Amino acid sequence: MATDTETDVFEEHRPVLMGVAYRMLGRVADAEDVVQEAWLRWSGADRSEVREPRAYLVRVTTRLAIDRLRQVKARGETYVGPWLPEPYVTDFGDTVPDTAEQAVLADSVSLAVLVVMESLSPLERAVFVLREAFGYPYADIAAMLDRGEPAVRQLAGRARRHVEERRPRFEVDPVRRRDLTERFLAAAGGGDLEGLMSLLAPDVRLVGDSGGKSKAPLRVLESADHVGRFLVGIAERGVPDITWRFLELNGGPAVLVLSGGKPDSVFQLDILDGRIQSVYVIRNPDKLRALPAA
């Protein structure tokens with residue numbers, strides 16, 4: 001049975017473990033399951049052999065996440081319409097005071113990057129997360145994964161090239177994103193097509209994730225005209241008893257839309273050069289349950 005001290009040690013590292021597991025899996029519930037399993041391993045471990053608790057816990061969590069990811073890929077699950085990661089509440093302000101490190105963490109947990117990482121192999125994803133998001137040396141990653149350091153460097157290089165080639169460019173500055181999100185809300189909510197078009201990049205994309213369980217586009221919408229008219233159409237139809245509020249999700253400002261006090265959808269924007277490049281709309285109710293409604 002774990003002692004209070006051992007529990008305190010685990011709780012101290014829980015945010016990092018959750019960060020690793022979520023970036024590996026893109027699903028909050030799966031990440032929480034992995035962290036809980038890591039706790040069981042920790043509580044039953046011979047801690048006289050554990051020299052560095054953080055390294056031990058990150059290694060266990062990473063390996064469990066790899067196993068979970070392999071199981072998901074082996075099942076070959078099909079998904080109705082575009083897939084987006086489950087929204088993840090983030091707040092780096094208190095735990096990560098360094099603004100440069102905050103920017104790295106925010107980028108690595110962004111919806112755009114997580115979507116690209118879905119196409120990596122489980123090992124590539126693990127190496128990418130540990131190296132790019134958390135800055136672990138190659139030698140440490142090799143030890144965690146029981147791989148040689150040259151092999152880990154190869155995996156890291158391949159994963160980095162893959163992500164860089166496919167990731168869209170966007171700004172992570174939270175103030176700029178918040179400002180443009182507020183203007184977007186005013187224009188879209190008011191059915192102001194002209195105002196909305198002035199905010200959208202010509203080649204803007206709207207990605208809607210419903211999982212077939214609510215209304216959302218079953219394909220990615222492209223171009224300012226298509227995206228603008230779709231959003232104005234939503235405003236004209238309206239949402240019953242609508243309220244909304246800002247949250248920090250996946251490293252940036254997002255809008256949680258509530259209908260009758262219950263989560264209805266999440267909107268988040270990627271911006272570049274003062275224009276909206278991507279609009280992400282998450283309406284799958286299974287992915288909204290964990291979000292705080294108040």
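Two strands are taken to pair if DSSP finds at least two bridges between them, and strands (E, at least two residues) and helices (H or I, at least four) are DSSP runs numbered from the N terminus. The model described here is predicted, so local features need pLDDT of at least 70 and side-chain atom pairs count only at pLDDT 80 or more, while totals for chains, interfaces and linings use all residues. Residues are numbered from 1 along each chain as its sequence is written, and side-chain values use heavy atoms, with hydrogens and water left out.

With that in place, the sheet comes into view: 6 strands form an open, mixed sheet in the order S2-S1-S6-S5-S4-S3. Its edges are strand S2 (221-222) and strand S3 (242-249), each pairing on one side only. Strands S4 (residues 252-259) and S5 (residues 262-272) run antiparallel and are joined by 5 bridges. Helix H9 (residues 174-189) packs on this sheet, touching S3, S4, S5 and strand S6 (275-282), where contact means heavy atoms within 4.5 Å.

Trp 42 and Tyr 56 form a tilted pair, 5.8 Å centre to centre with 50° between the planes; rings of Phe, Tyr and Trp (its six-membered ring) pair if their centres lie within 6.5 Å, with planes under 30 degrees apart counted as stacked, over 60 as edge-to-face and the rest as tilted. Trp 42 lies in helix H2 and Tyr 56 in helix H3 (residues 53-75), so the pair ties together parts 14 residues apart in sequence. Trp 42 is buried at 3% relative accessibility, and Tyr 56 is buried at 16% (buried is under 20% relative accessible area, exposed over 50%, partly exposed in between; 1.4 Å probe, protein chains only).

Definitions and conventions: Axes fitted to C-alpha atoms, helices over the stretch in contact; angles between N-to-C directions.
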